[in-house]
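Let's walk through this fold from the inside out. Keep the structure open beside you and follow along residue by residue.

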Amino acid sequence: MDKTARLLYDLDKRKLVLKVICNERLECDCDNLIIENICWSRQGAIEGMLKAHIGIMPLLDSEFTRGKGGFKLIQYLSIGLPCIGSDVGYNHSIISLECGFLPRTESEWITAIIKLSNILSWKSYSENAFQYWRLNFSYEKNLEVWKALINEP
């Protein structure tokens with residue numbers, strides 16, 4: 001992300017900010033990336049996501065991460081955040097190419113962030129993210145699934 005921050009700054013003098021909402025601080029020596037640590041609380045997480053432009057879920061491929069359910073990505077989609085998530089576990093079942101990216105390499109991560117830094121591209125991915133959530137993960141969609149499972153009209 002530090003390389004991406006440098007590229008963005010060189011392109012048009014914009015700064016890349018990574019908001020980390022967690023109980024533990026991310027301490028990292030970066031030359032270009034600005035890291036904003038936000039101590040997790042329910043309200044802090046909501047406010048942080050509402051002020052974000054992209055939702056990311058970087059994961060290393062391991063037995064543990066392959067078992068993750070991608071709930072964070074679904075939360076991002078529910079507020080119209082385009083997503084970038086590692087192609088690990090269930091993530092590929094959540095992110096569609098119309099609303100986000102599943103990068104496998106550093107180069108693909110950089111490309112995804114740069115693409116979403118373009119306002120027109122971001123707007124399209126953002127609109128698609130919310131529609132994708134509404135059609136696949138919303139309360140109404142889940143209610144339909146549960147009703148079908150218990151054979152209720």
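The largest nonpolar core has 15 residues, and the ones with the most contacts inside it are L73, Y76, L77, C83, I94 and F137. A nonpolar core here is a set of buried Ala, Val, Leu, Ile, Met, Phe, Trp, Tyr and Cys residues joined through side-chain atoms within 4.5 Å. Buried means under 20% relative accessible area, exposed means over 50%, and partly exposed covers what lies in between (1.4 Å probe, protein chains only). Two or more core residues come from each of helix 4 (71–78) and helix 7, and helix 4 gives the most, with 4 residues. Helices (H or I, at least four residues) and strands (E, at least two) are DSSP runs, numbered from the N terminus. There is also a second, separate core of 14 residues, which includes A5, L18, F101 and Y125. In soluble globular proteins, nonpolar side chains tend to be buried together.

Before going further, a word on what you're looking at: this is a predicted model, where local features need pLDDT of at least 70 and side-chain atom pairs count only at pLDDT 80 or more, while totals for chains, interfaces and linings use all residues. Residues are numbered from 1 along each chain as its sequence is written, and side-chain values use heavy atoms, with hydrogens and water left out.

Setting aside residues up to four places away in sequence, Y76 touches M49, G55, I56, L81 and C83, where contact means heavy atoms within 4.5 Å. Now look across to W133: Y76 and W133 are 57 residues apart along the chain, yet their C-alpha atoms are separated by 9.0 Å.

Is F137 buried or exposed? It counts as buried, because its relative accessible area is 17%. Its contacts, again not counting residues up to four places away in sequence, are I74, L77, S93, I94, Y132 and N142. There are 3 aromatic pairs in the model, and Y132 with F137 is one of them: the ring centres are 6.0 Å apart and the planes meet at 65 degrees, so the pair is edge-to-face. The rule is that rings of Phe, Tyr and Trp (its six-membered ring) pair if their centres lie within 6.5 Å, with planes under 30 degrees apart called stacked, over 60 edge-to-face and the rest tilted.

Next, follow helix 6 to L116, which is buried with a relative accessible area of 4%. Beyond its sequence neighbours up to four places away, L116 touches I54, P82, I84, F101, W122 and Y125. Two of those, F101 and Y125, belong to the second core. L116 and H53 are 63 residues apart in sequence but 8.6 Å apart in space, C-alpha to C-alpha. Step on to S117, in the loop between helix 6 (106–116) and helix 7 (119–136). S117 is buried too, at 17% relative accessibility, and leaving aside neighbours within four places in sequence, S117 is in contact with L8 and R14.

Time for the charges. How many salt bridges does a search of the whole structure find? The count is 8, taking a salt bridge as a side-chain nitrogen of Lys or Arg within 4 Å of a carboxyl oxygen of Asp or Glu. One of them joins K3 and E106 at 2.6 Å, N to O. That pair links distant parts of the chain, with K3 in helix 1 (residues 2–12) and E106 in helix 6, 103 residues apart. K3 is exposed at 52%, whereas E106 is partly exposed at 49%.

Another bridge pairs D87 with R104, their closest N and O atoms being 2.5 Å apart. D87 is partly exposed at 25%, and R104 is exposed at 66%. Then there's K141 with E144, at 3.7 Å, N to O; both lie in helix 8, 3 residues apart, about one turn of the helix.

Stay on helix 8 (residues 139–149), where you'll find L149. L149 is exposed, with a relative accessible area of 58%. Together with V145, W146 and I150, L149 makes a nonpolar surface patch of about 450 Å². Patches are made of residues with over 30% relative accessible area and no salt bridge, joining like charges within 9 Å and nonpolar side chains (Val, Leu, Ile, Met, Phe, Trp, Tyr) within 5 Å. The areas come from the Shrake-Rupley method with a 1.4 Å probe, and for residues only the protein chains shown count as cover.
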